[in-house]
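Visitor: I would like a close look at one part of this protein. Please keep it brisk.

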Amino acid sequence: MSNTPGSPYGEFPPTSEGKVALDVKDPHEHHWFREPTKEVGPKFVGGLVFAQLVFFIALLGPAIIGIGLKVQAVVPRAEQTSAVGVIAGFGALFAVIGNVVCGRLSDRTTSRFGRRRPWIVAGTVVMTLAFVVMALGQTVPVITAGWCLAQLGANATLAPFIATISDQVPKFQRGSVSALLGIAQNVGILGGTYLAQLFKDQLVVLFVVPSIFAIGAMLLFAIILPDQHLTIRPPKMTAEEWISTLWVNPVKHPDFALAWLSRFLITLATFMFTTFRLFYLRDELGLAESDAPAAVSLGVLIYTIALVASGWIAGRISDRTGRRKFLVSGSTLLFAAGIVLLAFVDTVSGFYVVEAVLGVAYGIYVGVDLALVVDVLPNPDDSGKDLGVFNMANALPQTVAPVIGAALLAVGSASNQNYDLLLYTAGVAGLIGALVVLPIKKVK
């Protein structure tokens, strides 16, 4: 694409913050902004990582433990598991819709505040208001409505928030930045879990207060963010383009499709085990019901420490060498091997060792995978939408993994759960996830 006098596309109008918006006639070949080439500084990276950490603590405390505690408080015991299933199922649907639709809308936003800022802040506010509804609600329909609205708001924030990597971070820096984001997310999971345990008897505090801090963190990031300003209104979308919001053509964009499939499979393998981890410790390792939760918490702590160390190193290696496929594929293979190793574990100490192996593997994976995905996005101008589609590879396995896992555990003896079959199947899913990365052509 040229920018010479007399070009049919005209001059590239500068934005208010020095970005350059590119105007072309073909909406299918547009590139509104140039690929970032300038290294982002510690202020941007620090704001991005801090916002991610606080946001995930606020979101995952309610998600991991808060919903269950709320249901226990308002629903009869016999109906509690089905109530949690209804709430989580509808919430997952709204998460997918919110991510892809709001990602698409942020790509096309012409606000004077920028493309991403309005969504990042407004989505967090909506999530907080929804948590107020959940904290005060006394019926399953009200709690479900609150969780759906919370997921909609959270993903209205997350899609444009992650898209800022494509907008602002150059290729040679994406590995380290993505690694820090992956670390922040997983530390957020740990923090949300412990926070939920701390305030399990104060549900209003658990649901609402961390989310108020998340608004502050996202406001801070919005101030730091040198957001792009779209100075030209994009062409009106056709019905076909709106439908395409929910997918990326795998034939036209095979690299993106393979990256999507790899993420789907490793997430499926992860949740096939973690969904039943508590029962695995009880049934396979013989822990008492009162001791198993503490073992899970310590295992998650070991896993997170290993992840933090390996993730940062992997991101730096990826940026320095420019190689991503080897690290993503190798870490997925190591993760698959770790899952299979659990079939041979017969002590709690052995379980902790495997948790460390899984943490190292997943740390390398999260340290590089997002950078790889951003590198293979079909069109950087649609990064919000496409990263929303990619997020389906995170959301969908979380929905189907419990169903598949329960079916596998039930195979064979009625009195004994078939954990070997569950773990071997999860390992095979991870192995395939490692192999499908190799044909990707856009990255080394």
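In which helix is Thr270 found?

Guide: Thr270 sits in helix α8, residues 254-274. Helices here are DSSP runs of H or I, at least four residues long, and strands are runs of E, at least two; both are numbered from the N terminus. This is a predicted model, so local features need pLDDT of at least 70 and side-chain atom pairs count only at pLDDT 80 or more, while totals for chains, interfaces and linings use all residues. Residues are numbered from 1 along each chain as its sequence is written, and side-chain values use heavy atoms, with hydrogens and water left out.

Thr270 counts as buried because its relative accessibility is 13%. Buried means under 20% relative accessible area, exposed over 50%, and partly exposed in between, with a 1.4 Å probe and protein chains only. Setting aside residues up to four places away in sequence, Thr270 touches Phe335 and Tyr362. Contact means heavy atoms within 4.5 Å.

Now the setting. The protein has 14 helices and zero strands. Of its 444 residues, 53% are buried. Take the contacts between residues at least 6 apart in sequence: 81% join residues at least 24 apart. The accessible surface comes to about 19,100 Å², and carbon and sulfur atoms hold 68% of that. Those areas come from the Shrake-Rupley method with a 1.4 Å probe; for residues, only the protein chains shown count as cover.

Another helix, α3, covers residues 117-136. Its buried residues include Ile120, Val121, Thr124, Met127, Thr128 and Phe131. An α-helix has 3.6 residues a turn, so residues three or four places apart point the same way.

Technical notes. Expected span 1.5 Å × (residues − 1).
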